[in-house]
Amino acid sequence: MKTITTITELRAALAEYRRAGKTVGLVPTMGYLHVGHMELVRRARGQNDVVVASIFVNPLQFGPNEDLSKYPRDLARDQAMLEEGGVDFLFSPGVSDMYPRPMETVVDVPKLGSELEGSVRPGHFAGVATVVTKLFNIVQPDRAYFGEKDFQQLQIIRRMVEDLAQPVEIIGVPTVREADGLACSSRNVYLTTEERQAAAIVPKALAEAERLVASGITDAGDVEKAVTAFLSTEPLARPEVVALRDPETLETIHEIGDKPVLLLLFVRFGTTKLLDNRVIAAKSARFAKVA
Ligand code: AMP
């Protein structure tokens with residue numbers, strides 16, 4: 001694996017493969033890798049001739065009071081993991097490589113980007129859309145890999161690619177979980193031992209929601225209330241968002257019908273906010289119960 005930090009060098013390195021008709025897969029990350037990231041790498045390795053992973057902690061997607069400076073970093077460890085995963089090129093630019101001048105041009109996501117996580121992190125998804133577009137322009141991948149763990153981000157990127165006719169196929173990868181069901185996340189390292197144990201309530205709440213829907217509850221508000229109450233049985237858990245939405249448009253759902261619904265959870269443990277989600281196949285779940 002070759003580590004490259006400048007746009008010019010990466011473009012030059014990839015040009016010969018592109019001329020030879022090789023396919024390129026891109027896995028964008030902010031580093032401090034875990035098995036979830038490595039699943040994206042595994043998928044990319046299986047589907048492309050050349051695999052590029054990027055590590056860039058993107059200042060554009062962090063608000064003024066967010067954890068940019070203390071975001072966990074360990075480049076040497078990440079490099080060893082990516083090498084092991086069969087990555088060909090690691091692109092790890094510095095901020096001055098990606099943004100030599102303050103950005104005058106950005107990709108905005110006014111509606112999808114102001115829902116849910118966007119409502120508490122103004123500008124976050126515009127920062128994501130802008131850096132991902134720039135990475136697409138630099139790497140020109142045939143396929144790019146994103147985790148379903150960040151469901152809103154995945155849908156925003158799918159929509160951006162459609163809206164702007166970006167020539168890349170977006171592959172969504174199911175969430176990789178730890179033994180107790182907690183979604184792997186770089187931010188899990190912020191949890192104290194007690195908070196880490198308590199956090200197991202989050203995947204349990206997803207299962208509880210699925211159970212409630214399967215039992216025949218169709219009022220979305222009732223499910224949201226019951227899931228909030230379930231989470232609140234854990235004293236360290238502070239549920240911030242418990243929302244049933246349309247998986248594609250992220251619009252609010254009032255009545256659970258025949259179509260799948262997305263349950264999104266943001267739950268705070270101390271200073272750490274954990275995100276998780278599950279798409280619940282409403283009809284088939286109820287069907288299974290009746291049958
Ligand atoms: P991040 O480094 O947090 O920006 O994540 C980089 C990519 O890895 C994003 O597409 C995430 O959705 C994805 N990702 C993060 N955690 C997981 C996980 N537990 N399972 C699958 N993908 C993940």
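This briefing walks through the sheets, helices, cores and a few single residues of the structure above.

The model is predicted, so keep its cut-offs in mind: local features need pLDDT of at least 70, side-chain atom pairs count only at pLDDT 80 or more, and totals for chains, interfaces and linings use all residues. Residues are numbered from 1 along each chain as its sequence is written, and side-chain values use heavy atoms, with hydrogens and water left out. Helices (H or I, at least four residues) and strands (E, at least two residues) are DSSP runs, numbered from the N terminus.

**The six-stranded sheet**

- Six strands make an open sheet with parallel pairing, in the order β1-β4-β3-β2-β5-β6; two strands count as paired if DSSP finds at least two bridges between them.
- β1 (2-4) and β6 (169-173) are the edge strands, each with a single partner, so one side of each has no neighbour in the sheet.
- On average, neighbouring strands here are turned by 25° against each other, direction ignored. Axes are lines fitted to C-alpha atoms (for helices, over the stretch in contact), and angles run from 0 to 180 degrees between N-to-C directions.
- Three bridges link β1 in parallel to β4 (residues 89-91), and Thr3 has Leu90 as its bridge partner in β4.

**Helices on that sheet**

- Helix α1 (residues 7-19) packs on the sheet and touches β1, β2 (24-29), β3 (50-55) and β4, with its direction at about 150° to that of β4. Contact here means heavy atoms within 4.5 Å.
- Helix α3 (residues 75-84) lies across β1, β3 and β4, and runs at about 165° to β3.

**The antiparallel strands β7, β8 and β9**

- Strand β7 (residues 237-245) runs antiparallel to β8, with eight bridges joining them; Leu244 has Leu263 as its bridge partner in β8.
- β8 and strand β9 (residues 272-280) are also antiparallel, joined by nine bridges, and the partner of Leu265 in β9 is Asp276.
- A hairpin is formed by β8 and β9 with two residues between them, and Gly270 in the turn has a positive phi of about 60°.
- Strand β8 (residues 261-269) is mostly covered, with eight of its nine residues buried. Buried means under 20% relative accessible area, exposed over 50%, and partly exposed in between (1.4 Å probe, protein chains only).

**Nonpolar cores**

- A nonpolar core is a set of buried Ala, Val, Leu, Ile, Met, Phe, Trp, Tyr and Cys residues joined through side-chain atoms within 4.5 Å.
- The largest core has 44 residues, of which Phe91, Phe136 and Ile170 touch the most other members. Helix α6 (residues 124-139) gives the most to this core, with nine residues.
- Beyond four places in sequence, the residues that Phe91 touches include Ile4, Leu10, Val52, Ile55, Met98, Leu135 and Ile138.
- Another core, of 28 residues, lies apart from the largest one, and its members include Ala198, Val242, Val261 and Ile280.

**The α9 and α10 pair**

- Helix α9 (residues 201-214) packs with helix α10 (residues 220-232) at an angle of about 145°, and their axes are 10 Å apart.
- In α9, residues including Ile201, Ala205, Leu212 and Val213 take part in the contact, and α10 contributes Val223, Ala226, Val227, Phe230 and Leu231.
- By class, this contact has eleven nonpolar, no polar and two charged residues. Ala, Val, Leu, Ile, Met, Phe, Trp, Tyr, Cys and Pro count as nonpolar, Asp, Glu, Lys and Arg as charged, and the others, Gly among them, as polar.

- Leu40 lies in helix α2 (residues 35-47) and is buried, with a relative accessible area of 9%. Leu40 and Tyr145 are 105 residues apart in sequence, yet 5.9 Å apart in space, C-alpha to C-alpha.
- Leaving aside neighbours within four places in sequence, Leu40 is in contact with Val27, Tyr145, Phe146, Gly147 and Val173.
- Arg278 sits in strand β9 and is partly exposed, at a relative accessible area of 25%. Its contacts beyond four places in sequence include Pro203, Ala207, Glu210 and Leu262.
- His124 belongs to helix α6 and counts as buried at 5% relative accessibility. Apart from neighbours within four places in sequence, His124 is in contact with Gln61 and Glu117.
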